[in-house]
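User: Hi! Could you walk me through this one?

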Amino acid sequence: MSMEITNVCEYQEIAKQKLPKMIYDYYASGAEDQWTLKENRNAFSRILFRPRILIDVSNIDMTTTVLGFNISMPIMIAPTAMQKMAHPEGEYATARAASAANTIMTLSSWATSSVAEVASTGPGVRFFQLYVYKDRDVVRQLVKRAERAGFKAIVLTVDTPRLGRREADIKNRFTLPPFLTLKNFEDLDLGKMERTNDSGLASYVASQVDRSLSWKDVKWLQTITSLPIIVKGLMTAEDTRLAIQAGVAGIVVSNHGARQLDYVPATINCLEEVVKAARGQVPVFLDGGIRRGTDVFKALALGASGVFIGRPVVFALAADGEAGVRKVLQMLRDELELTMALSGCTSLKEITRNHIVTETEMPRTLSRL
């Protein structure tokens, strides 16, 4: 790469130049007016720091545990579909980069590599993202495969009873390129899910997501797997309490990268409500709009146990394959370390609500920022 990449955002422009428009738009776009897409980023800029000084920050520890697994930093990889559209190595490259950084990768069930293929890249802690299909036998088979491949948790996406309206995909008539397929569905006994050709499989699988999914199905999922279940796509205190009652192991505050319901708040603005409702009973994570180490620090200050990054991974993958994903993880890690040092925090547990100030708490003069 000729130009020195100095921050995560720069990969998006490179990806835009390299990828076919249909594929770039699929990764980049949000629902409808894309208000929430912009707000996921903008909301971070309305949270400012209250740095503490004259603290010995010569040693900074960013390690943490997630569901009992030790990782090098509170930055993990979110599930993003069809990564081989971005780069021929797709999910293989992402898995190797996550493993090298000693952090957790979440594999999308709509991946272009299977759970077994990802496991074959070598050791690493990996979670499997799941949608619930009308045919529960398909769900059972997907979960069993993930277990056999050594995946450590199920990340159940709960904000997608129907796919959000992404107008770029409608305009571009988005389809999975013919040389790719949704590998986790290959050789499954699809039963009622009669096979279509591979390019039609993606839209067919999407159409089979169960709109009747409810809390009773979360309980059902616990009867078919011993893996911990994390629910992803929750934004309110009410649903947090229901999730805890249902026995989930963790919560990801997420608006699906602003790809589902437009005009929901930025996830960073929903985080504190969820954290308060969880009352420390389960860890709360955040995804959506994380592009800087400062963003990660703000999420931790508001009570998140860690964050997941999605689009930065696919853009870096498109730009520079595995090396790109490694660099994104390294840059975010370095930026978080610097933010901690300049804020006077030497470990994650030292990052508190007092290290930040939100717009509503600022004097009127400041809030015009």
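Analyst: Happy to. Rings of Phe, Tyr and Trp (its six-membered ring) pair if their centres lie within 6.5 Å; planes under 30 degrees apart count as stacked, over 60 as edge-to-face and the rest as tilted. The structure holds nine aromatic pairs. This is a predicted model: local features need pLDDT of at least 70, side-chain atom pairs count only at pLDDT 80 or more, and totals for chains, interfaces and linings use all residues. Residues are numbered from 1 along each chain as its sequence is written, and side-chain values use heavy atoms, leaving out hydrogens and water.

User: How do Tyr 26 and Phe 174 pair up?

Analyst: Tyr 26 and Phe 174 are stacked, at 4.3 Å centre to centre with 10° between the planes. Tyr 26 sits in helix H2 and Phe 174 in the loop between helices H7 and H8, 148 residues apart; helices are DSSP runs (H or I, at least four residues) and strands too (E, at least two), numbered from the N terminus.

User: Is Tyr 26 buried or exposed?

Analyst: Tyr 26 counts as buried at 8% relative accessibility. Buried means under 20% relative accessible area, exposed over 50% and partly exposed in between (1.4 Å probe, protein chains only). Phe 174, at 18%, counts as buried as well.

User: And what about Phe 285 and Phe 308?

Analyst: Their ring centres are 5.8 Å apart with planes at 80°, so the pair is edge-to-face. Phe 285 lies in strand E10 and Phe 308 in strand E11. Phe 285 is buried at 1%, and Phe 308 is buried at 4%.
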